[in-house]
Structure formats: structure tokens, C-alpha cells
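Look over the sequence and the model, then read on.

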Amino acid sequence: MQYVDDYRNSDRIRILVQAIRKEAVHPWQIMEICGGQTHTIARYRIEEMLPPTLGILHGPGCPVCVTPESIIDHALEIAARPEVIFTSFGDMMRVPGSHTDLLHLKACGADVRMLYSPLDALVLAENHPEKEVVFFAIGFETTAPVHLMALKEAERKGLKNFSLLCSLFAVPPAIEMILSQPDHKIDGFLIAGHVCAITGNEAYHAPATRYRRPMIVTGFEPVDILYGIYKCIRQLERKEARVENAYKRAVAENGNPEARQLMEEALEPVGREWRGIGLIPASGFALREIFSAYNAEKKFPYKGQTKTHASAVKGEKHCIAGEIMKGNKQVSDCRYFATACNPQQPFGAPMVSAEGVCAAYYHYQ
Ligand code: SF4
């Protein structure tokens, strides 16, 4: 197959659905951990194609959704400084900290700008030497190398007024945390192919063996997702539990060596709080000390003085996103879904973010 249409082809989808129906004898619950996969599943109504005994759970695969209030509060504090141009992907603009969000701060006069790439922030830093330009570097292993490329470019150009506020997460420790819950319901995983395209598959072998769960490296188009589900069901029905690459056109076993080397050079593992879930040891990345000149956390230490004018978090206490992301609940279990909580008045980050599970079900179903 050569073109993206091949991976949305209805004949291929039909063949895979038939193969899954034939293979799935027992009831199984499979978790995917990627906002892109969540959206494909919702958009193409993949769950409706599957046997009713086969459940799909949506794990913590949206970086916007898991970025904790504490980091957003720090972002707000930095963005409120008069000497700062604060830059971010658009998705983060409406995600609430403990009291407000970046969009509200922008409306109050702060210089907050939406960008498509951290490299655009470098251009701003070059054009505004009198300002400090900070980029909100959020994401999983997938996006970390892009942020680090910007950092290295800033270093090469000798830019002193550019820094990253890092909220970077690692997927494997989150899987371990989910599987260590005594009453979890997950039988197998679809692993996000773009994460493995960077890191390779190595980190998943140990949890697959330890918890006896198949882990299928999976792509993002409907044919990819159904193929990943098929591979997972095959292993489950045969009582196998190993890592299997169902996305070979993009993922090499050892990932992208250059990107891995860059991450190794610039990042160190740290404990990270995941919004709605809590602290997971070694589940995040921070800039190493040698790059502290580009570390906004160090440049602008948090003083806990964010002043706000309005509460942006109406209803978050009712939000069950954490339980959804741990696989203990479904979006349909939330009584506020598409009623009190909607994209215009979100209670939680998964309704704000374009990659969030609640926004996906709201838009497509
Ligand atoms: S629908 Fe809203 S309140 Fe319910 S889990 Fe999703 S974000 Fe939270």
C-alpha cells in the first residue's frame, strides 16, 4: 500500500473486521494510548464494527490532557511577566490551571502567542532581542526531539533570550502504573506507533512479559487500527503476550537513533505528575543541567503568585477523566458529557484538547 487512501479503503476495512470477528472468541478489553488513535476510532466509528464483546479503552495518550495544573500555573506566571513573549501550541491555550488559562491571560493583555512549531518561537526570539521568548514544550517522546532541535538551534545561533518550559512525558511508566492497579480491566494494548518511531520498541518488552499483556505497535489510519486490534486478539486467543510491530512502514525496532541520541544528550528522567492520575515515578523528562540556560523552569522559578480574574475550572471537580485514562471508566460513564460539559464550557482537559477523548466522542458521535 502506497497512499493514505489505501489505509482507509473500505474493502480492506471489511476484510479486517471479518478477520477480527472470526478470531475473537472471548471477551477482551484493549487499551490504546494515543490521541490520534482515539480520534480515528471515534471518527470512523470503529467500535461499532467490532464484536460487542470487544471493548476499546482510551488511555492517557493526549499530552494536553495529562499536563498538570501545577505546570500550567507556572506557565501562567511566566506569561504574565511584561518582558516575556509566551508561545504555545494552540491546544494548550484553553486548558485551565488552578484558576485560569492562557487564553484568558492573553485577553487580559499578556503577550501570549499560538504557534505551530517551536522553531517559530526561535524566529520570534531573533526578531525581539529585547524580550524573553518562552515556548511551552509539551508532549510525549514523539515531540520531544522537535523541541530539542529548537533548543540546539538556539544554542547554535547564540540566542540567549529563548527557553523551553518542559512538560514532557514518557509512555512506558504510565502503562506500568495502569497495569499495577489491582482491579484494572485491560487485556492488551495498542502502542502508539509515532512514539515507537522515536524510541523503538525495547521499553515495552519488559511490561509485556511482566504483566502478560500483548502490546501491538500500531499506526493511525483505520486499517492500521483494525490490524493492530486483529494482532492483539490473535495473541490473546492464543494466550501469548509479547510486543509485536504492526506498523513496520514507520517503526524500526530501535526507533530513530539520532532522535534518541538527542534526547539522551539533553533530557533526564524525572517523576512527573499526570493530570487526573497523579505522580508517576520516572514518567517525565526534564532538561539536563548543561542546558539550564534554556530551561524556563530555572530562568523563571515558580513563585506561586499567579493572579487571576475569573475561574476557568468550573466543574472540574466532577470530571472523571483520570478514571477514563486509567481504563476504569468510559466517556459514556460521565453524566456531564455533552450536557454541562461541552467544548464551549469544558469541565476537563479531554474536552478542551483536539486530541482529547471527550472532544473526539463529542465531535464524531
Ligand atoms: S465529559 Fe467533561 S467532565 Fe466528563 S470526563 Fe470528559 S472532560 Fe471530564
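Start with how the chain folds back on itself. Among contacts between residues at least 6 apart in sequence, 77% join residues at least 24 apart. The model is predicted. Average pLDDT for the chain is 94.

**Overall fold**
- The chain holds 17 helices and eleven strands.
- Its radius of gyration is 21 Å, which agrees with the value near 21 Å that a compact globule of 365 residues would have.
- The C-alpha trace spans about 65 × 45 × 40 Å along its principal axes.
- Of the 365 residues, 50% are buried.

**Confidence**
- A pLDDT of at least 70 is reached by 97% of the residues.

**Ligand shell**
- Which residues come nearest to the ligand? They are Cys319, Cys334, Cys341, Gly348 and Cys358, out of 15 residues around the ligand.
- Two helices each supply at least two residues of the shell: helix 15, spanning 321-325, and helix 16, spanning 349-352.
- How many residues of each class does the shell have? There are 13 nonpolar and two polar residues around the ligand.
- Charged residues are absent from the shell.

How values were computed: Residues numbered from 1 in each chain as written. Predicted model: local features only at pLDDT ≥ 70, side-chain atom pairs only at ≥ 80, totals over all residues. Near = placed C-beta within 6 Å. Helix = DSSP H or I, 4+ residues; strand = E, 2+ residues; numbered from the N terminus. Nonpolar A, V, L, I, M, F, W, Y, C, P; charged D, E, K, R; others polar. pLDDT = per-residue confidence, 0-100. Rg over C-alpha atoms; globule rule 2.2 N^0.38 Å. Buried ≥ 20, exposed ≤ 12 C-beta atoms within 10 Å, placed from the backbone. Contact = placed C-beta atoms within 7 Å.
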